[in-house]
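Hi there,

Here is the structure I promised to pass on. Have a look at it first, then read my notes below.

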Amino acid sequence: MSNWFTLRWSEDGVVLLDQRRLPLEEVYLTLGSVEEVAKAIESLAVRGAPAIGCAAALGVARAACVSEARDLVALRADLDAAVARLSRTRPTAVNLFWALGRMGELADAALAEPDASVESVRDRLVAAAQRLLAEDVTVCRAIGLAGLPLVPEGARILTHCNAGALATAGYGTALGMVRAAFEAGRHIRVLADETRPYLQGARLTAWELQRDGIPVTVITDNMAAHLMRCAEIDLIVVGADRIAANGDVANKIGTYGLAVLAREHGIPFYVAAPISTLDLATPCGDAIPIEERGRAEIAEVSSRPILPEGVPVRHPAFDITPARLVTAIVTERGVARAPYSLSLAKHSGASR
């Protein structure tokens, strides 16, 4: 990843790689306002639960920088408005709300300082957002190391969607395990589900693994069962957008089907995610809101219609994988196993 990055802070705004245009074009956007950051999240210019959280944190910092407030009361109002707007972007990824909550707490602390000023609050929020990005990369590397014992020499690893560097501030969660194994000298190979309907596996996972020299082959989603039956898949590792207290996992649509297939074929099914993806206030998957996205991502390919005009579509962006189908959940604090109500609570005990 020496010659590209997912997102970062600049004095001109939030800079991010426009993932809608990959793999054909590498275009970086500079977002100067909170509204631009919010629209980038909604349109999937930036996507992946950790990256969404990082983008939101940068958006709050940007709000502080562009605010015309001359006193702390007015600045507080501008920050509240920024948090409210960003919180409406995508409902399923809990990292978004975790990051906004963290930035809100830091803003409260900065505003409460006896010598607080508009400038000091701005400086603290910018530093906090940049620190969150650096921490996310550290966390992803820790996830990779924690999951390394689960990836044997010569493993053929099936992935779904993109839970790599593009979905985080860098390195990745599910692909963090892949990268850690590759860096350890293991001869692994990735089979990347194309991930209908938005093709994050084909467009994004294949792009970043190829850039890093990690062997990757793209398959269509409906080929996974056949390859499992032919004993061509050794393990499955996916990311997560939210993990409930009982271990139920919300992830990109199609994940649940892979977990069912993995159970049928005796293949380990691993979830890799940071502690910030755990939502212990949500008891089970049934309580996780599932985002329904618009028609175009299903009805069009490269902006060209592929469905008859007027035919309706359904587009739930995520599904819920029951905890009983999950072999293990890998976080930066180690490998959690069933019963998840106990192991996840233990992992989150010293929340970062």
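**What turned up**

Helix α2 is largely enclosed by the rest of the structure, because 16 of its 18 residues are buried (under 20% relative accessible area with a 1.4 Å probe, protein chains only). α2 covers residues 49-66 and reaches 26 Å from its first C-alpha to its last, close to the 26 Å expected (1.5 Å times one less than its number of residues). Helices here are DSSP runs of H or I with at least four residues, strands are E runs of at least two, and both are numbered from the N terminus.

Before going on: this is a predicted model, where local features need pLDDT of at least 70 and side-chain atom pairs count only at 80 or more, while totals for chains, interfaces and linings use all residues. Residues are numbered from 1 along each chain as its sequence is written, and side-chain values use heavy atoms, leaving out hydrogens and water.

Now find strand β10, residues 269-272.

- β7 (residues 235-238) pairs with β10 in the parallel sense over three bridges, and I236 has F269 as its bridge partner.
- β15 (residues 328-331) runs parallel to β10, joined by three bridges, and Y270 has A328 as its bridge partner.

Enjoy exploring!

Definitions and conventions:
Buried < 20%, exposed > 50% of the residue type's maximum accessible area, 1.4 Å probe, protein only. Pairing = 2+ DSSP bridges.
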